[in-house]
Amino acid sequence: MRHSFSLLNIIILTIIIAGSAFFMINAAYTDSAIFDETAHIVAGYTYLKHFDYRFNPEHPPLVKMIAAIPLLFQKLNFPTDKDYWNGLNEQWTAGSQFLYKSGNDADKIIFSSRIGPIFLALLLILFIYLWARKLVGRWWALFPAFLFACSPLVLAHGHYVTTDIGASFGIFICIYAFINFLYNQSAKNLFLAGLAFGLAQAIKFSSVLLIPYLFLIGIIYSLTIIINKQLFANSEKIKIFCAKIAGIIWKTALIMIIGYAFIVYPLYLLATWNYPVEKQVADTSALVGGFKISALSDLNIWIAGNRILRPFAEYTLGVLMVAQRSAGGNNAYFLGELSSHGWWYYFPLIYLMKETLPALLIIFIGFIIGFFDAFQTMARGIKKIPEKIMEYLTIHFTEFSMISFITIYWISSISSPLNIGVRHILPTIPFIYILSTGAFKRWLSSGSRQISTTSLEKIFNQINALFNFWTKIFLLIILIIWLISETLLAAPFFLSYYNELAGGRMDGYKYATDSNFDWGQDLKRLEIWAGKNLESDEKIAIDYFGGGSPEYYLGTQFEPWWSARGNPKEEKIQWLAVSVNTLQGAYARLTPDFYRNPADEYRWLENYNNPTERAGTSIFIYRLY
């Protein structure tokens, strides 16, 4: 019987992973290249094919290299005698040339490159299940895996050649391996934690946050053990106390050294093997020569000239570039405004709009359960709070670690002016789902609470009494069906998904665009529309934002357009297609820090009330006469 249940558990997990794979593969096949893929694909290809890192140093190499593996088995043309090869960080020009102007099959390259990121997303689903199984049991562990596998956020970014889903994977397994090491501090677990840390650093530079986080978590864990054993009562025990703290700091540092030595350095060494030292020094000087802390940029430039250390110089270059970009912010449209300095409330609101309502309800229930657990602890007396905190850290240290990471990562994101989309907070989503599942499980197994010392507790008890076991089971089934329905209705337009309260996948652009709605994914759908609606000799004016090439897909029917050119009907063109990201940027209110040329505001297009049609969700099509 136990064997049958285990088999059923595996079957359900397989169905969850297979379903997620189906949705992502279908989306990968139907979506055109999004903006960032143009640079990432060509960069990964040159890392593996030419062992040269001159393109896209702002991002670590691992995901790009994984994405490029299938390309090595294709006969592709990539001329290195063009100006972009000797230019400065010319990945956008090189990417466009590689995909659309070198005689290659762009769609084949794009789709095959997406296989690697999809594999990482599916592997992360498996790891979510494996860790959750230790915390909530094998059956409940299916729930966070299911939430993640069906999330439109994951299905959207899981099939693109970007670092976002890779960062989620790397950070998750790093924290997983580090917590496992803390519980069992063997040499094997220390080495595995080091490799996991290195993988995270080789995927995305936001993983640098793991450095202070791991030290913090390691010290708190050691303090918990020390306090429980009362190693602080006399001078001899104080020495033991200090030794244990120093020990965990050293071990954590060793984990990081292993990660950089066994993962980061070899990957950068491979990718920079044929990158001329003189060009690396020149590129580094041009990219970070004006960094506000000149000592760091000078050191980085010096290391770039050292043949042994220069792989680390390229890694450090990326960190400095990200720091520069984060400090400077980016141009973004949000809630009708256009700004380059961001909004502190951007990530909380965009997450509430782009997360599914059933998932939000589950998270809300989990938050309420956790809040009242903490409230009841405090209500029993202030003197018992330290004791309860120690009890919680002792029994639920893993959950505390997850909450700590979510808090640190969200604070870092909110405080940054770099509002690049909900994708930036994807690394926290697996932990949010696991914690919410644990709280939901406790709520399901709890009866009506007996202790009612405050009016707030009485209210909570009365509400809880309305839900018996089978009512809660029924609610859980409804939420699962609802989430499956959301996923089916969103497919394959996962990138533009907004929940029902935020306009859905058709009207969410009114709140935020760019990677939240329009990243260029619908150009192939515009090609299909043109094939059905245009005569062979008829042109369509196109103002496109993204990583695709309108000329590649529409050939002579494509007429490049922009606002300042005026109305295409003056040139006998009756159709205009505009990316909604461009339109929202043209129409938005400007914050005081922002300037926009009036010629770019598409004022003449306001004479046409609504688009006649759409290609996908993100390209508006206007019939002009």
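Leaving aside its neighbours within four places in sequence, L210 is in contact with I171, C174, I175, F197, A200, Q201, M256 and F405. In this predicted model, L210 also belongs to the largest nonpolar core, a set of 183 residues in which F98, L210, Y351, L526 and L576 touch the most other members. In soluble globular proteins, nonpolar side chains tend to be buried together.

**Aromatic pairs**

- The count of aromatic pairs comes to 54, and one of them joins F334 and W343 in a tilted arrangement, with 5.4 Å from centre to centre and 55° between the planes.
- Both partners of that pair, F334 and W343, are buried.
- Ring pairs also link F127, W131, F169, F172, Y176, Y213, F405, Y409 and F431 into a cluster, and F405 is one of the residues in contact with L210.

**Helix packing**

- Two packed helices are described by the angle between their axes and the distance between the axes.
- For helix α20 (residues 429-445) and helix α22 (residues 469-490), the axes come within 9 Å and cross at roughly 150°.
- On the α20 side the contact is made by F440, W443 and L444, which meet F469, K472, I473, L475, L476 and L479 of α22; by residue class, the contact of α20 with α22 comprises eight nonpolar residues, one charged and no polar.

**The sheet of three strands**

- An open sheet with mixed pairing places its three strands in the order β1-β2-β6.
- Because β1 (332-334) and β6 (589-590) stand at the edges with a single partner strand each, one side of each is left without a neighbour in the sheet.
- The pairing of β2 (residues 337-339) with β6 is parallel and runs over two bridges, and E337 stands opposite R589 in β6.

**The sheet of five strands**

- A further open sheet, again with mixed pairing, has five strands in the order β4-β3-β5-β8-β7; its edge strands are β4 (558-560) and β7 (613-615), each of which pairs on one side only.
- Neighbouring strands of this sheet are turned by 30° against each other on average, with direction ignored.
- Strand β3 (residues 540-543) pairs with β4 in the parallel sense over three bridges, and within β4 the bridge partner of I540 is F558.
- Helix α26 (residues 580-587) lies across β3, β5 (575-579) and β8 (619-623), and runs at about 80° to β5.

How values were computed. Residues are numbered from 1 along each chain as its sequence is written. This is a predicted model: local features need pLDDT of at least 70, side-chain atom pairs count only at pLDDT 80 or more; totals for chains, interfaces and linings use all residues. Side-chain values use heavy atoms; hydrogens and water are left out. Axes are lines fitted to C-alpha atoms, for helices over the stretch in contact, and angles run from 0 to 180 degrees between N-to-C directions. Helices (H or I, at least four residues) and strands (E, at least two) are DSSP runs, numbered from the N terminus. Contact means heavy atoms within 4.5 Å. Ala, Val, Leu, Ile, Met, Phe, Trp, Tyr, Cys and Pro count as nonpolar, Asp, Glu, Lys and Arg as charged, and the others, Gly among them, as polar. A nonpolar core is a set of buried Ala, Val, Leu, Ile, Met, Phe, Trp, Tyr and Cys residues joined through side-chain atoms within 4.5 Å. Buried means under 20% relative accessible area, exposed over 50%, partly exposed in between (1.4 Å probe, protein chains only). Two strands pair if DSSP finds at least two bridges between them. Rings of Phe, Tyr and Trp (its six-membered ring) pair if their centres lie within 6.5 Å; planes under 30 degrees apart count as stacked, over 60 as edge-to-face and the rest as tilted.
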